[in-house]
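Student: Could you take a close look at one part of this model with me? I would like to begin with a single residue and then see what surrounds that part.

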Amino acid sequence: MTVGINAFILVAGLLFAIGLLGVVLRKNTLIIYMSLELMLNAVNLALVAFSRYNGTMDGNLFVFFIITVAAAEVALGLAIIVALFRLRQTVMVDQLTSLSR
Amino acid sequence: MNELLIEFLSGFTATNEWAAILPEILLGVLALGLLGAEMALPRSQQTRWIPRLAVWGQVIVLVLAFTCAGCCSFDQREYFSGLIAQNDVTQLMRGFFLLSSLAVCYLGKVYFVRQSALPKTEFYALVLIISAAMMLLVQSAHFVMLFVALETVTVAFYVLVAYNRRSQFSLEAGLKYLILGALSSGILLFGIVLLYGIAGSPELVASSHDSLNYTQLMHFVIPNMDNLIVKIGALLVIAGVCFKIGAVPFQIWVPDVYQGAPTPVTAYLAVASKAAGFIVLIQLVSGPFFGLQDFLVPVLSVIAAATILFGNIAAVTQRNVKRLMGLSGIAHAGYLLLGVVALMRGVDWAVYAVIFYLFTYLLASFAVFGVMSLSAAADDAIQELDHYQNFARKHPFLGGVLACGLGSLAGIPPLGGFIGKLFLFVAAFQASLYGLLIIAVIGVVISIYYYFGWIRESYFSAPSTEVVNEAACPSTAGDRFLLGAFTVASVVVGLLPAALPIIR
């Protein structure tokens, strides 16, 4: 038995939606960060599935670029979060409001 | 077997003409060279030589890019098996990005006079890398190339926005830009994946093996324009790009990030990052999404109208000048969207109107941001309108530059901004977008109110007996030359639009 393309796309879409909701609804910066990664991985899953079912290699190659970029983003993001925590002693977005007025 | 492989590879490498991207390579080498120079030079010499190396290196690259035969041809060409496409638009924009990174490096030098505790070399290196990546971004003709170049730009911008790590404003702006930038990249990527999957699907007509390529995708989209997944994919890609240009449903990051970022970085974001986003948008709507015009024109028209109104109305009550520049920048994005919509309605020269407007916006914005960098206090994020009371009396030259820059942004006749807006509005008129035109004109009238509020503050506020403190705002001969050049260029472009050889 093989799993159809629709199942992969459904899972990828669900993961993407969970990630998007996490970014929009959660207040902790670290969890927002994890949700962003979840969105990128949903994209990776869809790319690999499409690549397999369409019989082209571009999707598989694209995944490597996305993984690399995601790693760069995480490294930078954690550095910024740590620096901000040292100054403000908080990582909750609803307390980081010195700019919004 | 081996011969077959060699033949196969040589077919792919036949279009690898490295000379075509010589300016980008030179910029990358220059950026690495700066990091090397930091190690080689003694500490006392660094502050003197590294900014000079960055600025003069870019001048050399700029001269090379527009004189050497390999990279100044305006013909339509493709390189690297369709990853990169060059035409007159991309060549003009390469000059645009080099000019803006040159100005940003200069403003960075001014900024570091006040923030002397910060590391300096990395700033110039990152500005150069962003410039090279934006040049590649506008030339990309393939979604992988687009994504990699775009992420190089955004990841480097995360660092630059949060550059002042001793300031909570800068770090908070960096975090906000990081979260929303990564979110927009995710949305853009999901759109790309949907398009890749549907365009490669063998059951559909005109499906392609190279479905991430713009041209192949265009040939696929035209017969399949009623496909739901194609529409969703295109919408998600457009949404991701709209984040970068700060168009209305996705504009929440703009005021905060513009306020918190160091002033030269704000200028870079406002001018070059927005310009890159617009050129990408233009290439997408006239390339892969060409077949979806009936669907995208109403969407982009609504976004343009909302962007113009939101930017101008929110800027009216704003007292912080960096936020004011951010919000008015949203309004400028709205006027530029007007040009994009006109282009989609079949007015071909609208793309040149957009580029012309971007050039006038560059000249005016850097004049204003230059004055802001020179007059900023120790904390860069807190620059209120009240600080500009009697500004023109204390600093007649800077006051004049500020007035010219703001006048050009508002679109006052003898200045460049007026001609830029005129071209865009004529393009919209030819595309019979009368409703949008009325909204744009209302927007311009509102913008005159707040821009002139700033000019009034600097020229006509109640004269005070305060002692003129020249030391608080020193401007060297170089500063005066650069700001004077921007102002003169604004006036010249306004009087003689043909001085910019863009609309032919």
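Student: In which helix of chain B does B:Leu137 lie?

Tutor: Happy to walk through this with you. This is a predicted model, in which local features need pLDDT of at least 70 and side-chain atom pairs count only at pLDDT 80 or more, while totals for chains, interfaces and linings use all residues. Residues are numbered from 1 along each chain as its sequence is written, with chains lettered from A and ligands numbered from 1 in the order in which they are written.

B:Leu137 belongs to helix H5 of chain B, residues 121–139 (helices are DSSP runs of H or I with at least four residues, strands are runs of E with at least two, both numbered from the N terminus). B:Leu137 counts as buried because 28 C-beta neighbours lie inside 10 Å (buried takes 20 or more other C-beta atoms within 10 Å, exposed 12 or fewer, partly exposed in between, with C-beta atoms placed from the backbone). Beyond its neighbours within four places in sequence, B:Leu137 is in contact with B:Leu146, B:Ala149, B:Leu150, B:Val153, B:Ala276 and B:Val280 (contact puts the C-beta atoms, placed from the backbone, within 7 Å). B:Phe147 is 10 residues from B:Leu137 in sequence, and their C-alpha atoms are 8.3 Å apart in space.

Now to another pair of helices in chain B. Helix H3 of chain B (residues 43–67) packs with helix H4 of chain B (residues 88–114) at an angle of about 165°, and their axes are 10 Å apart. The residues of the H3(B) contact with H4(B) divide into 12 nonpolar, 3 polar and 2 charged (Ala, Val, Leu, Ile, Met, Phe, Trp, Tyr, Cys and Pro are nonpolar, Asp, Glu, Lys and Arg charged, the others, Gly among them, polar).

Stepping back to the whole chain, chain B holds 19 helices and 2 strands. Its radius of gyration is 23 Å, close to the 23 Å that the globule rule gives for 504 residues, so chain B is as compact as a globular protein of that length (the radius is taken over C-alpha atoms, and the rule is 2.2 Å times the number of residues to the power 0.38). Buried residues are 59% of the 504 residues of chain B. The C-alpha trace of chain B spans about 80 × 60 × 45 Å along its principal axes.

Where does chain B meet chain A? The pairing brings 34 residues of chain B into contact with 33 residues of chain A. On the chain B side, helices H6 (143–161), H7 (168–200) and H10 (253–260) each give two or more residues. H7(B) supplies the largest share of that side, 18 residues. By type, the residues on this side of chain B divide into 21 nonpolar, 9 polar and 4 charged.

The C-alpha atoms of chain A fill a box of roughly 55 × 25 × 25 Å along the principal axes. Of the 101 residues in chain A, 32% are buried.

Terms used. Axes fitted to C-alpha atoms, helices over the stretch in contact; angles between N-to-C directions. Contact = placed C-beta atoms within 7 Å.
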